[in-house]
Amino acid sequence: MTTEPIDLRAVLSTFDELWSPRIAARINDYDVRVTHVKGSYIWHVHDTTDEFFLVLEGELSIGLRDPHERVVSLPAGSVFVVPKGIYHRPFSDGGAQIVVIEPAGIPTTGDSHDPLPDHIKTHTGIDL
C-alpha cells in the first residue's frame, strides 16, 4: 500500500464493473474497498463481521432481515453498518459509488448467499 493520499474518485475512474470492489487502502487487517453499484446485489450474510457502507455519490438502499424485513436508504454522505449475522441486500436503482470497509479476505458475497446471477462474482476485492 502507498504512504500517499488516495483519491477515491480517481480510483473509481479506473474501472466500470458493477459490484466489483477495488481495494483502495488497508487499515490494520481491514480493506477499504470502493465500487460502482447499480441494480440489485444478492441477499447474503457475514457470520463473523460487521460491514461498513459509505455512499460517496448517488443513493444506496440496503434491505435487511433483522428480524423483520426492512430497507434503509443512504443518500450521498451517509454511512451505515450492517451488523454481523444479519442477512442484507444492497441495491441502487439510479446507481451509486460506495466505500465498503470489512476485514481483508472476506468474500463480497458473505458466508452464505442466494444463488449468484451472472453479474455477481465472489471475490475478496481486487488490488489496485
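Author: Gladly, and please keep in mind that this is a predicted model. Let me start with contacts: among those in the protein chain between residues at least 6 apart in sequence, 66% join residues at least 24 apart.

Reader: What makes a pair of residues count as a contact here?

Author: Their heavy atoms have to lie within 4.5 Å.

Reader: How do you know that the chain's radius of gyration agrees with a compact globule?

Author: The rule is 2.2 Å times the number of residues to the power 0.38. For 128 residues that gives a value near 14 Å, and the protein chain has 14 Å, so the two agree. Along its principal axes, the C-alpha trace spans about 45 × 30 × 30 Å. Buried residues make up 45% of the 128 residues.

Reader: Which secondary structure elements does the chain have?

Author: There are one helix and nine strands, and the pattern along the sequence is α-β-β-β-β-β-β-β-β-β.

Reader: Why are strands β4 and β6 called paired?

Author: Pairing needs at least two bridges between the strands. Four bridges join β4 (residues 51-65) to β6, so the two are paired, and they run antiparallel. As one example, L54 has V79 in β6 as its bridge partner. Strand β6 itself, residues 79-82, has a covered face with F80 and V82 and an uncovered face with V79 and V81.

Reader: What makes R9 and E57 a salt bridge?

Author: The cut-off is a side-chain nitrogen of Lys or Arg within 4 Å of a carboxyl oxygen of Asp or Glu. R9 and E57 have an N to O distance of 3.6 Å, so they qualify. The pair links distant parts of the chain, with R9 in helix α1 (residues 8-12) and E57 in strand β4, 48 residues apart.

Reader: What makes R65 and E69 a salt bridge, and which labels do they get?

Author: Their closest N and O atoms are 3.4 Å apart, and the limit is within 4 Å, so the pair counts. R65 is partly exposed at 36%, whereas E69 is exposed at 58%. Elsewhere, salt bridges that share partners join R26, D31, R33 and E102 into one network. The structure holds seven salt bridges.

Reader: Is W19 buried or exposed, and what about N28?

Author: W19 has a relative accessible area of 6%, under 20%, so W19 is buried. N28 has 73%, which is over 50%, so N28 is exposed. W19 is not a glycine, yet has a positive phi of about 55 degrees, and is found in the loop between α1 and β1. For N28, phi is near 50 degrees, and N28 lies in the loop between β1 and β2.

Reader: Which residues does the cis peptide bond join?

Author: D66 and P67, with omega about -5 degrees. P67 is found in the loop between β4 and β5.

Notes:
Residues are numbered from 1 along each chain as its sequence is written. This is a predicted model: local features need pLDDT of at least 70, side-chain atom pairs count only at pLDDT 80 or more; totals for chains, interfaces and linings use all residues. Side-chain values use heavy atoms; hydrogens and water are left out. Buried means under 20% relative accessible area, exposed over 50%, partly exposed in between (1.4 Å probe, protein chains only).
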